[in-house]
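The following questions and answers concern the structure displayed below. Each answer works towards the value or name requested.

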Amino acid sequence: MSYAPPDPFGWIDDEAGRRAAAGLVRSLRPRPAEPDLLDLASNDYLGLTRHPEVTAAAAEAALRWGAGATGSRLVTGSTTLHAELEDALAAFCGFEAALVFSSGYAANLAALTALGAPGGLIVSDAGNHASIVDGCRLSRAATAVVPHADPDAVRKALDGHTGRALAVTDSVFSVDGDAAPLAGLAAACRESGAVLLVDDAHGLGVLGEGGRGALAAAGLAGAPDTVATLTLSKSLGSQGGAVLGPARVITHLVNTARTFIFDTGLAPAAAGAALGALRLLRREPERAGRAREAAAALYGGLTAAGLTAVRPDAAVVSVRAPSAEDAVRWAADCRTAGVAVGCFRPPSVPDGVSRLRLTARADLTDRQITVAVSTLVSAAPPRA
Ligand SMILES: Cc1ncc(COP(=O)(O)O)c(C=O)c1O
């Protein structure tokens with residue numbers, strides 16, 4: 001009898017079977033270059049990713065600087081274009097200095113690992129983005145996960161801690177689109193000398209005067225005890241991330257943040273596109289308000305028709321679904337009717353509440369908003 005060795009990947013099939021039985025299989029759906037659906041699923045809040053000025057800036061940067069950054073930032077991957085982008089981001093958002101990363105994910109890992117440390121304390125909102133959760137884990141600091149949007153809980157968690165401490169929050173929570181109570185969180189941090197770290201991925205370009213972000217809106221931009229992380233991949237229509245804060249914090253990151261030191265620098269095209277988007281946003285500051293108005297109009301239409309949604313604080317509109325299966329079917333029916341929406345269900349949402357996630361864009365027309373609302377309403381499951 002011949003010996004059949006055990007299948008080293010047999011466990012993958014077991015896990016896939018369990019996922020399929022629970023209706024939780026994820027799959028990729030490559031989209032064509034020309035949009036064939038009304039897009040309420042992307043994070044292109046200002047409609048800039050295909051803006052001719054932004055794509056031209058990307059193309060010019062690639063032609064001038066090359067397709068790749070050629071190395072890590074401390075070796076050959078820092079160009080004067082990166083320095084220009086860092087200066088422009090810091091100036092636009094009102095911080096002393098900025099450091100650009102290859103993604104927002106890497107920026108969050110950098111800030112949390114460089115500012116947290118074994119023996120330190122990180123207080124993290126229960127609704128924070130996965131990249132923050134991973135950054136807390138990688139930092140090896142003690143992490144206290146506190147109830148959502150609760151400055152008192154943050155205050156209690158920080159109370160009595162000696163040594164390094166920071167509280168971290170999304171500015172606008174990516175799933176429900178609600179805003180963090182930044183003023184209350186800043187006050188709680190200041191009482192115990194802790195740093196406030198705010199991930200403004202969904203606030204940049206949408207909140208604050210001319211889209212300068214949630215920290216500018218809260219009067220916290222440039223505060224000596226406040227650090228922001230950003231992604232360039234949402235409102236700015238590009239790719240990449242950044243950390244903004246006091247110059248000494250940025251210098252510390254250059255020297256210690258592993259996702260900065262051991263990662264190839266941001267591709268020049270992405271840096272060029274982000275700079276192009278910032279230039280555009282300075283010239284057309286009304287785009288930020290238009291994205292918020294579009295979100296409010298979507299919310300108004302959906303709730304007037306009896307659906308349950310979270311009142312949007314920025315450009316994300318979250319609509320409750322009765323169950324995970326209903327959410328999946330609802331999103332699929334919207335897609336068949338020509339409208340792309342996001343679908344969040346467990347385990348992506350730890351609270352177990354399934355929802356559709358719609359993103360408003362500054363370039364949505366009134367007609368598109370009406371079509372989106374009527375499509376969602378007619379495809380809604382009976383108990384929604
Ligand atoms: C709140 C938040 N932080 C960080 C990220 C990660 O940014 P990036 O996609 O640039 O890695 C995202 C994006 O998905 C996000 O929603």
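Q: At what angle to β2 does helix α3 run, as it lies across β2, β7 and β8?
A: In this predicted model, helix α3 covers residues 80-93. The strands it lies across are β2, β7 (226-231) and β8 (241-245). Relative to β2, helix α3 runs at about 130°.

Q: Which strands does helix α9 lie across?
A: Helix α9 comprises residues 247-256. Its direction makes an angle of about 30° with β2. The strands that α9 lies across are β2, β7 and β8.

Q: Which strands stand at the edges of the sheet formed by 7 strands?
A: This open sheet has the order β2-β8-β7-β6-β5-β3-β4, with mixed pairing. A strand at the edge has a single partner strand, so one of its sides is left without a neighbour in the sheet. The edge strands are therefore β2 (97-101) and β4 (142-146).

Q: What is the average twist from one strand to the next in the sheet of 7 strands?
A: The sheet is open and its pairing is mixed. From one strand to the next, the twist averages 20°.

Q: How many residues of helix α4 belong to the shell around the ligand?
A: The ligand is surrounded by 14 residues, the closest being S103, G104, Y105, A201 and T231. By class, this shell has 2 nonpolar, 10 polar and 2 charged residues. Helix α4 (residues 104-115) provides the largest share, and its contribution is 3 residues.

Q: How far apart are the axes of α4 and helix α5?
A: Two packed helices are described by the angle between their axes and the distance between the axes. For α4 and helix α5 (residues 130-139), the angle is about 35°, and the crossing is right-handed. Their axes are 8 Å apart.

Q: How many nonpolar residues does the contact of α4 with α5 have?
A: On the α4 side, the contact involves G104, Y105, N108, L109, A111, L112 and T113. These meet S131, I132, D134, G135, C136, L138 and S139 in α5. By class, the contact has 6 polar residues and 1 charged residue, while the number of nonpolar residues is 7.

Q: At what angle do helix α2 and helix α11 pack?
A: Helix α2 covers residues 52-65 and helix α11 covers residues 268-283. Their axes are 7 Å apart, and α2 passes α11 in a right-handed crossing. The packing angle is about 145°.

Q: How many nonpolar residues take part in the contact of α2 with α11?
A: The residues of α2 in this contact include E53, V54 and W65. Among those they meet in α11 are P268, L275 and L280. The contact contains 2 polar and 2 charged residues, and its nonpolar residues number 13.

Q: Which strands are at the edges of the sheet formed by 4 strands?
A: The order in this open sheet is β1-β10-β11-β9, and the pairing is mixed. The twist averages 30° from one strand to the next. Two strands pair on one side only, and these edge strands are β1 (38-40) and β9 (316-320).

Q: Which residue in β11 is the bridge partner of C343?
A: Strand β10 (residues 339-344) and strand β11 (residues 355-359) run antiparallel. They are joined by 3 bridges. In β11, the bridge partner of C343 is L356.

Q: Which strands does α14 lie across?
A: α13 lies across β10 and β11, and runs at about 165° to β10. α14, in turn, runs at about 75° to β1. The strands that α14 lies across are β1, β9 and β10.

Q: Which term describes the direction of α13 relative to α14?
A: The axes of helix α13 (residues 324-336) and helix α14 (residues 366-379) come within 9 Å and cross at roughly 135°. Because of that angle, α13 is described relative to α14 as oblique.

Q: Which residues of α14 make the contact with α13?
A: α13 passes α14 in a right-handed crossing. From α13, the residues in contact are W330, D333 and C334. From α14, they are T375, L376 and A379.

Key. Residues are numbered from 1 along each chain as its sequence is written. This is a predicted model: local features need pLDDT of at least 70, side-chain atom pairs count only at pLDDT 80 or more; totals for chains, interfaces and linings use all residues. Axes are lines fitted to C-alpha atoms, for helices over the stretch in contact, and angles run from 0 to 180 degrees between N-to-C directions. A crossing is left-handed if the near helix is turned anticlockwise from the far one by less than a right angle, and right-handed if clockwise. Two residues are in contact if their C-beta atoms, placed from the backbone, lie within 7 Å. Ala, Val, Leu, Ile, Met, Phe, Trp, Tyr, Cys and Pro count as nonpolar, Asp, Glu, Lys and Arg as charged, and the others, Gly among them, as polar. A residue is near a molecule or strand if its C-beta atom, placed from the backbone, lies within 6 Å of it. Angles under 35 degrees count as roughly parallel, over 145 as roughly antiparallel, 65 to 115 as roughly perpendicular and the rest as oblique. Two strands pair if DSSP finds at least two bridges between them.
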